[in-house]
Amino acid sequence: MVEGHRQDMTKRTATCRCGQLIATCTGEPIRVSVCHCRACQKRSGSAFAVQARWPHDQVELTGAFHEWTRVGESGKPATFRFCPTCGATLTFASASMPDFTAVPVGAFADPAFPPPRFSVYEESMHPWTRVKGEDVEHRD
Ligand SMILES: [Zn+2]
Ligand SMILES: [Zn+2]
């Protein structure tokens with residue numbers, strides 16, 4: 001394997017609320033984004049969702065989970081893995097980005113987590129929200 005390459009890489013740990021389901025993410029995320037779509041509002045229980053993505057093999061999930069697949073407005077399915085005890089979603093994979101696993105940034109509970117560079121589905125954005133930063137790409 002690529003031992004020398006991987007061993008110094010950052011590891012971050014996301015957990016569900018009760019703590020039994022753990023996602024260990026190796027290396028920097030390839031994309032951190034805010035999504036304002038209505039489905040992400042439902043999933044997160046908030047006005048918008050923030051998620052980070054890594055290649056599948058850089059996210060290791062340990063613990064018990066249930067899976068649920070939802071077909072989005074785009075017609076593409078996304079599969080969510082969540083804790084059967086506390087219900088928190090810890091990872092999801094979407095057919096629109098098939099090579100990557102997404103982890104909700106809130107599951108890291110780390111204010112030092114890299115900020116989002118993308119703000120998408122702004123057409124359904126709550127008007128009092130805004131993603132700050134000069135290098136943020138905004139999309140409807
Ligand atoms: Zn849990
Ligand atoms: Zn969304």
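## An exposed alanine

Let's start at the surface: alanine 109 is exposed, with a relative accessible area of 67%. Here "exposed" means over 50% relative accessible area, "buried" means under 20%, and "partly exposed" is anything in between (1.4 Å probe, protein chains only). This is a predicted model, in which local features need pLDDT of at least 70, side-chain atom pairs count only at pLDDT 80 or more, and totals for chains, interfaces and linings use all residues. Residues are numbered from 1 along each chain as its sequence is written, chains are lettered from A and ligands numbered from 1 in the order in which they are written, and side-chain values use heavy atoms, with hydrogens and water left out.

Where does alanine 109 lie? Look in the loop between strand 9 (100–104) and strand 10. Helices (H or I, at least four residues) and strands (E, at least two) are DSSP runs, numbered from the N terminus.

## Two positive phi angles

Most residues other than glycine have a negative phi. Alanine 109 isn't a glycine, yet its phi is positive, at about 45 degrees. Tyrosine 121 isn't a glycine either, and has a positive phi of about 60 degrees. You'll find tyrosine 121 in the loop between strand 10 and strand 11, and it counts as partly exposed because its relative accessible area is 35%.

## The zinc site

Which residues donate to the zinc ion (ligand 2)? They're Cys35, Cys37 and Cys40, each through its SG atom, at 2.2 to 2.3 Å from the zinc ion. Donors are N, O and S atoms within 2.8 Å of the metal (3.2 Å for Na, K and Ca), and water is not among the atoms, so sites may look incomplete. Along the sequence, the donor residues follow a C-x1-C-x2-C spacing. Cysteine 35 and cysteine 40 are both buried.

Now for serine 124, which sits in the loop between strand 10 (118–120) and strand 11 (137–138). Serine 124 counts as buried because its relative accessibility is 8%. Leaving out residues up to four places away in sequence, serine 124 touches His36, Cys37, Arg38 and Gln41; contact means heavy atoms within 4.5 Å.

## Two nonpolar cores

A nonpolar core is a set of buried Ala, Val, Leu, Ile, Met, Phe, Trp, Tyr and Cys residues joined through side-chain atoms within 4.5 Å. The largest one has 17 residues, and Ala14, Trp54, Val103, Phe108 and Phe113 touch the most other members. A second, separate core of 6 residues includes Cys35, Cys37, Cys40 and Ala49.

Beyond its neighbours within four places in sequence, valine 103 is in contact with residues including Ala14, Trp54, Leu90 and Phe108.

## The largest pocket

The largest pocket is lined by 28 residues, with Cys35, Cys37, Cys40, Ser94 and Tyr121 nearest its centre. On a 1 Å grid over the protein atoms alone, a pocket is an open set of points where a 1.4 Å probe fits, with protein on both sides within 12 Å along at least five of seven lines; lining residues have an atom within 4 Å of a point.

Which element gives the most to this lining? That's helix 2, with 4 residues. The lining residues of the largest pocket split into 12 nonpolar, 7 polar and 9 charged. Ala, Val, Leu, Ile, Met, Phe, Trp, Tyr, Cys and Pro count as nonpolar, Asp, Glu, Lys and Arg as charged, and the others, Gly among them, as polar.
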